[in-house]
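Here is a short walk through one protein model.

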Amino acid sequence: LQVPGASVPGAGGSSQELEDAKKRIELLEQLAKKQKKQVDQQSKELEALRGGASPAPVSGSNGNASSSEEVESLRKELEAAEEKNKEQVKKLKQLATAYKKLDQEKSEVEAKLGASSQTPVRQPISAAVVAKVQTALAAGRKQHAELRAQVAMELQQQLPQVIAEAMQTKVAELQKLIDNGAQEWKEKYNIECDKRRKLHNLVQELKGNIRVYARVRPMTAAEAEMGCCLSFPGPDEIMIKNDDQGVKKTFQFNEILQQNATQEDLFKGIRDLVVSMIDGFNVCMFAYGQTGSGKTHSMQGKADDPGVYMRTFKELFKVAQERVGWKIELKGACVEIYNEEIRDLLLGPDDKKQKLQVRQGKEGNFVPGLTLQPVTTPEEVDGLLNRAQTNRTVAATDMNMHSSRSHLVVQIYGTMTNPNGKQTSSAITLVDLAGSERIAKSGVSGDRAKEAIAINKSLSALGDVIAARATKNPHTPYRNSILTHYLQDSLGGDSKTLMLLQLNPCASHVEESMSSLGFGSKVNAVEMKK
């Protein structure tokens, strides 16, 4: 098989030569296909001849020999054709390889030509041009610095004026927004304060508007030898036993403080009542018990272990300071009720003394002419109390060398104005009642006997008032005693009252303790309602 011009062109040939080579290769591929087709056709014919050459009956040996020679001749021609076909295929593969190499070299040459045509030829820049450009840059930087300094100066001069003008135009709008926001939060705060006040009052009412705490003082060594008449069968129960009469009774109160109870333990139940006073509710606490049962210790305490008085004063001012935005004015008063008379204990030795009486006013009972001293710290209230203690009437009895012969009443009056302008008034009253012992056992006579009669009368009237409240009697005899008349606002209505029942556990005082427990039990049954 011969193809004109089938030689491979060199790598550096022109594009026209490449195109000619492509055409020659395509022609060779067509000839190879045609030759392959012819070879396939001849192979089929040979196979057909081989199939027809299968043994068959043939007449004569000459005919047989002639067919064999024919087959052999065809086989040789076929093998020769296949050999030529293989040579042609080999040449075609060589041509295809040469074509691919030429095409790759062509792509590389075209890429080099394209790169060389895009890269500009840089001409050297003259020194004069460089100097000119540098001069222009320096001038530009200088101008930029001058302009920046000028803008900064003008900004510094004009900024305060611009801000002032902006503030003047917006200050009214800003103030309005601030006022609206403040008013909104103020209203929310007042709503929450009112909710808190109602919830706190509800809690106190659930505990009981009048409560009784019983506190048993420790016995001395001498009393311990006589035996103890009190025991504690349950957490809130106290039992008294009179062996001489074969009597045993059990009483239950809101809280019972045994001999090892501290002053702080006692005050835990009083702390919430101070909050009620700032909320506008009258609060009263009075200590009841026989002489020598520990009333004065619970109320006054010691310098290093203060009692109800000082702890209440401190808590009162603490709660007042926590009421942000409130205006709270407090005034103190100290009186004693002695032989059914009210005595002002804050009067000086040169002050004119006048007869004091309880009067009915628009906002409740009051005492005209009573000294009301403004107070701003707990120490100032304590100073008033010390002055009152100095003027209080005491005397020796068989039961106590320094027995109080009057009821001591310490009051703090408050006027509270909340941030919304709503004003309330209330008072917290702390009463250290005189001893409730029997005249026969106290060993007094003369004026001391008259004092004891007045004391017991007032305590009896206090019991009658509480009993009337317990039975919901339409008439409550507040006026049967100066003491109950004076404490009317603290014992009635929605006021909060706590009685501290002081008890002497010594067996020799079992009758007085039994009487005190009976009184406390009657108080504990009261349901306070308006």
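Two residues are in contact when heavy atoms of each lie within 4.5 Å. Keep that cut-off in mind for Asp344. The model is predicted.

Start at Asp344, in strand E8 (residues 341-344). Which residues does Asp344 touch, leaving aside those up to four places away in sequence? They are Cys334, Val335, Leu356, Gly369, Leu370 and Thr371. One of these, Thr371, also makes a polar contact: its side chain lies 2.7 Å from the side chain of Asp344. A polar atom of the Asp344 side chain sits 3.0 Å from the backbone nitrogen of Leu346.

Is Asp344 buried or exposed? Asp344 is buried, yet has no salt bridge. The nearest side chain of opposite charge belongs to Arg387, 7.3 Å away. A salt bridge needs a side-chain nitrogen of Lys or Arg within 4 Å of a carboxyl oxygen of Asp or Glu.

Now step back to the whole chain. The protein chain holds 14 helices and 16 strands. Of its 530 residues, 37% are buried. Take the contacts between residues at least 6 apart in sequence: 71% of them join residues at least 24 apart. The accessible surface comes to about 31,800 Å². Carbon and sulfur atoms account for 53% of that surface.

The largest nonpolar core has 44 residues. Those with the most contacts inside this core are Ile238, Phe253, Phe286, Tyr486, Leu501 and Leu517.

Zoom in on Ile238. Beyond residues up to four places away in sequence, Ile238 touches Phe253 and Leu517, and its other contacts include Val216, Leu230, Phe232, Phe251, Ile256 and Leu503. Ile238 also touches Ser231, Lys249 and Thr250.

Finish at helix H6 (residues 271-278). How many of the eight residues of H6 are buried? Six are, and the helix is mostly covered. The buried ones are Leu273, Val274, Val275, Ser276, Met277 and Ile278. Just after H6 comes Gly280, with a positive phi of about 105°.

Key:
Residues are numbered from 1 along each chain as its sequence is written. This is a predicted model: local features need pLDDT of at least 70, side-chain atom pairs count only at pLDDT 80 or more; totals for chains, interfaces and linings use all residues. Side-chain values use heavy atoms; hydrogens and water are left out. A nonpolar core is a set of buried Ala, Val, Leu, Ile, Met, Phe, Trp, Tyr and Cys residues joined through side-chain atoms within 4.5 Å. Buried means under 20% relative accessible area, exposed over 50%, partly exposed in between (1.4 Å probe, protein chains only). Helices (H or I, at least four residues) and strands (E, at least two) are DSSP runs, numbered from the N terminus. Lys and Arg count as positive and Asp and Glu as negative; His and the chain ends are not counted. A polar contact is a pair of N or O atoms within 3.5 Å; within protein, one must be able to donate a hydrogen and the other to accept it, and residues adjacent in sequence count only if both atoms are side-chain atoms. Accessible areas come from the Shrake-Rupley method with a 1.4 Å probe; for residues, only the protein chains shown count as cover.
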